Amino acid sequence: MAVQQAAGADPYFPEHGDSRYRVHRYELALDYRPGPNRLSGTARINAIAGRSPLAEFVLNLADFKIGRVRVDGRQPHYTHRGGRLRVRPAKPIRAGAAFTVEVHWSGNPRPVNSPWGGLGWEELEDGALVASQPIGAPSWYPCNDRPADKASYQISITTPSSYAVVAGGRLLTRTTKASTTTWVYEQSAPTSSYLVGLSIGKYQTVLLGDPGLGGVPQHGHIPAHLLGDFSRDFARQPQMMEVFQELFGPYPFDEYAVVVTEEELDVPVEAQGLSLFGANHVDGARGSERLVAHELAHQWFGNSVSIADWRHIWLNEGFAKYAEWLWSERSGGRTAQQLAAAAHRLLSTLPQDLRLADPGRKSMFDDRLYERGGLVLHAVRCALGDIAFFRMLRGWGQLNRNGTVTTKAFAGHVARFTSEPVDELFEAWVYGAALPPLPGAQTRAAV
């Protein structure tokens, strides 16, 4: 499916992204020194103008020193204020024409401010990581920072040789010269800017399970002293991968990596082909296994199938929440019906003023959105029955692979798998605020 482009600015973050063009590919060459937290980089950005001539365009980039900007090899006029690099080419770019932007920048990367605190590049005690959802990507590279603008990436990072670099995608080369090592990663699948993941630290690398012929390579990157606990906590991830491929369709990327940092994180963070966990998520007792399932499920729902803008975030988080319940059901834990009942009891005690279809910027990461999003999927499952529901779920991932979607598109997709109208279900659960009754049908085990 061709990548769809959302029209106009994102209503939650109008200063992020420029809908007048789209990016086809980013090639980033970075040099990072952890001691002084110093980053310098060159970005080569291949883009395509939209339906109108492009007299100017905007890239999002935090407060770095700009060394050079070129458009198709020529020097443009540009300004850089408030996290926006506004570029005016020497002559307007024709409608539909391909063009190339080159940006050189340097400075001390730090998180960008947001209603949820700092986002993006985070300097650790010994290394760094990137956790960008939803608007942190400009903290370390220039980008068209909107989820619908998905591009391929090649990322080259040079660091002191004592550090390992992990990024989403396939490691192409690792070259050591004197005291530094350059790591080159390729992510060929279209990727939203906030999903470009990166971690720099001192890790041991382990293979999770045996992928076998045609299987999905899965690696863990862990501080040495956490290796024992990690091996128990993530032991069932290969089985989880098999179950999710059965339920959701083939894994959408080349491989999957998990990083555990030395430091604690409030929540794990998904990136394309990569998930980041804190040391607090590793206890040797599988205490965070539902989060392991949640982050893995995002590779299908959120990463491969991406939202057109942030109003539709429940399509990411509700699906990943329901994946937690499906994994519990399939691995001998509580059933999805039991977990749905628990979520419904919780929501019944909380304010009922959140609408999934457009929660508002303040509530886009509200716990109620996750739980109610999971309940939507359960309500659809009860309405369709297991056979139709899982056909619908697999079809959603496969038809929209590498694409972008909306709530309306999902409702239309569900309607194709039943002869009964689903308008009332979506009106109550997704567009309404009051909590509907718990879906009462007892569901059978997933097929």
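Trainee: Which residues does UniProt list for "domain: Aminopeptidase N-like N-terminal"?
Mentor: Residues 132–195, according to an unreviewed UniProt entry. UniProt positions follow the numbering used here, feature names are shortened, and annotations may be inferred rather than shown by experiment. Residues are numbered from 1 along each chain as its sequence is written. This is a predicted model, where local features need pLDDT of at least 70, side-chain atom pairs count only at pLDDT 80 or more, and totals for chains, interfaces and linings use all residues, while side-chain values use heavy atoms, leaving out hydrogens and water.

Trainee: How far apart are the end C-alpha atoms of residues 132–195?
Mentor: They lie 7 Å apart, and the span is 53% strand and 0% helix. Helices (H or I, at least four residues) and strands (E, at least two) are DSSP runs, numbered from the N terminus.

Trainee: On to strand 14. Which strands pair with it?
Mentor: Strand 9, residues 127–131, pairs with strand 14 in the antiparallel sense over 3 bridges. Pairing here takes at least two DSSP bridges between two strands.

Trainee: Are the faces of strand 14 covered or open?
Mentor: Both faces are covered. Leu198 and Ile200 are buried on one side, Ser199 and Gly201 on the other. Buried means under 20% relative accessible area, exposed over 50%, and partly exposed in between, with a 1.4 Å probe and protein chains only.

Trainee: Changing topic. How many salt bridges are there?
Mentor: The count comes to 25, taking a salt bridge as a side-chain nitrogen of Lys or Arg within 4 Å of a carboxyl oxygen of Asp or Glu. One of them joins Glu56 to Arg20, with the closest N and O atoms 3.8 Å apart.

Trainee: Why does that pair tie together separate parts?
Mentor: Because Glu56 sits in the loop between strand 2 (38–49) and strand 3 (57–60), while Arg20 is in the segment before strand 1 (21–33), parts that are 36 residues apart in sequence. Glu56 counts as buried at 16% relative accessibility, whereas Arg20 is partly exposed at 36%.

Trainee: And what does Arg25 form a salt bridge with?
Mentor: Glu186, with the closest N and O atoms 2.9 Å apart. Arg25 is in strand 1 and Glu186 in strand 13 (residues 180–191), so the pair links distant parts of the chain, 161 residues apart. Arg25 is buried, with a relative accessible area of 14%, and Glu186 is buried at 17%.

Trainee: Which residues are joined into one network?
Mentor: Asp18, Arg20, Glu56, Arg86 and Arg88, through salt bridges that share partners.

Trainee: Last topic. How many cavities of 30 Å³ or more does the structure hold?
Mentor: There are 5. A cavity is a set of points on a 1 Å grid over the protein atoms alone where a 1.4 Å probe fits but cannot get out, and lining residues have an atom within 4 Å of a point.

Trainee: What lines the largest cavity?
Mentor: Its lining includes Leu347, Pro351, Asp353, Arg368 and Arg372. The lining residues divide into 6 nonpolar, 1 polar and 3 charged.

Key
On a 1 Å grid over the protein atoms alone, a cavity is a set of points where a 1.4 Å probe fits but cannot get out, and a pocket is an open set with protein on both sides within 12 Å along at least five of seven lines; lining residues have an atom within 4 Å of a point. Grid points are joined across faces, edges and corners, and a volume is the space filled by probe spheres set on the points. Ala, Val, Leu, Ile, Met, Phe, Trp, Tyr, Cys and Pro count as nonpolar, Asp, Glu, Lys and Arg as charged, and the others, Gly among them, as polar.
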